Amino acid sequence: MAIRKTNRLPQTAVLKQILKRCSSLGKKQQDYDEQGLPLDVPKGHFAVYVGENRTRYIVPISFLTRPEFQTLLHQAEEEFGFDHDMGLTIPCDEDVFLSLISTLR
């Protein structure tokens with residue numbers, strides 16, 4: 001049985017890339033502090049965009065380690081990739097997203 005090598009980054013590397021992108025996106029539209037972080041996103045949180053209207057939600061970084069949220073991240077990577085200017089876009093209905101995050105809190 002041969003072992004296949006994948007081009008996937010380790011999970012921690014992917015999470016760091018996500019956080020870096022989320023903290024550096026949208027600089028033209030929002031106010032930022034001297035460190036380049038958005039003023040409307042509290043420390044320990046990041047913004048995601050959900051649903052057809054791309055509604056913005058602020059979620060805790062701790063969600064990144066939860067398997068349920070990681071499933072959404074994998075779907076986002078497959079559908080949109082992480083290398084675009086829209087921010088981290090989650091490909092699901094807002095109702096589903098709100099239901100999921102209410103169980104994670």
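**Figure 1. F63 and F69 are both buried residues.** Buried stands for under 20% relative accessible area, exposed for over 50%, and partly exposed for the range in between (1.4 Å probe, protein chains only). The model is predicted, so local features need pLDDT of at least 70 and side-chain atom pairs count only at pLDDT 80 or more, while totals for chains, interfaces and linings use all residues. Residues are numbered from 1 along each chain as its sequence is written, and side-chain values use heavy atoms, with hydrogens and water left out.

**Figure 2. Four aromatic pairs are counted.** Rings of Phe, Tyr and Trp (its six-membered ring) pair if their centres lie within 6.5 Å; planes under 30 degrees apart are stacked, over 60 edge-to-face, and the rest tilted. F46 and F69 make an edge-to-face pair, because their ring planes stand at 80°, with 6.2 Å between the centres. This pair links distant parts of the chain, 23 residues apart: F46 belongs to strand β1 (residues 45-50) and F69 to helix α2 (residues 67-79). Both F46 and F69 are buried. F69 also pairs with F63, in a tilted arrangement with 55° between the planes and 5.9 Å centre to centre. Through ring pairs, F46, Y57, F63, F69 and F97 are linked into a cluster.

**Figure 3. The elements of the chain run α-β-β-α-β-α from the N terminus on.** There are three helices and three strands, taken as DSSP runs numbered from the N terminus (helices H or I, at least four residues; strands E, at least two). Of the 105 residues, 35% count as buried. With contact meaning heavy atoms within 4.5 Å, residues 24 or more positions apart account for 47% of the contacts with a separation of 6 or more. The chain exposes about 7500 Å², of which carbon and sulfur atoms supply 51%; the areas come from the Shrake-Rupley method with a 1.4 Å probe, and for residues only the protein chains shown count as cover.

**Figure 4. An open sheet of three strands has the order β2-β1-β3 and mixed pairing.** The edge strands, β2 (55-60) and β3 (89-90), each pair on one side only. Two strands are said to pair if DSSP finds at least two bridges between them. β1 and β3 run parallel and are joined by two bridges, and V50 has I90 of β3 as its bridge partner. Helix α3 (residues 94-104) packs on the sheet and touches β1, β2 and β3, and its direction makes about 15° with that of β2. Axes are lines fitted to C-alpha atoms, for helices over the stretch in contact, with angles from 0 to 180 degrees between N-to-C directions.

**Figure 5. Strands β1 and β2 pair in the antiparallel sense over six bridges.** V50 stands opposite T55 in β2. The hairpin of β1 and β2 has four residues between the strands, and G51 takes a positive phi near 85° in this hairpin.

**Figure 6. Q70 lies in helix α2.** Q70 counts as buried because its relative accessibility is 17%. The side chain of Q70 reaches the backbone oxygen of T65 at 3.5 Å.

**Figure 7. I61 lies in the loop between β2 and α2.** I61 has a relative accessible area of 31% and is therefore partly exposed. Its C-alpha atom is separated by 5.5 Å from that of G44, although I61 and G44 are 17 residues apart along the chain.

Technical notes:
Polar contact = N/O pair within 3.5 Å; in protein donor to acceptor, adjacent residues only side chain to side chain.
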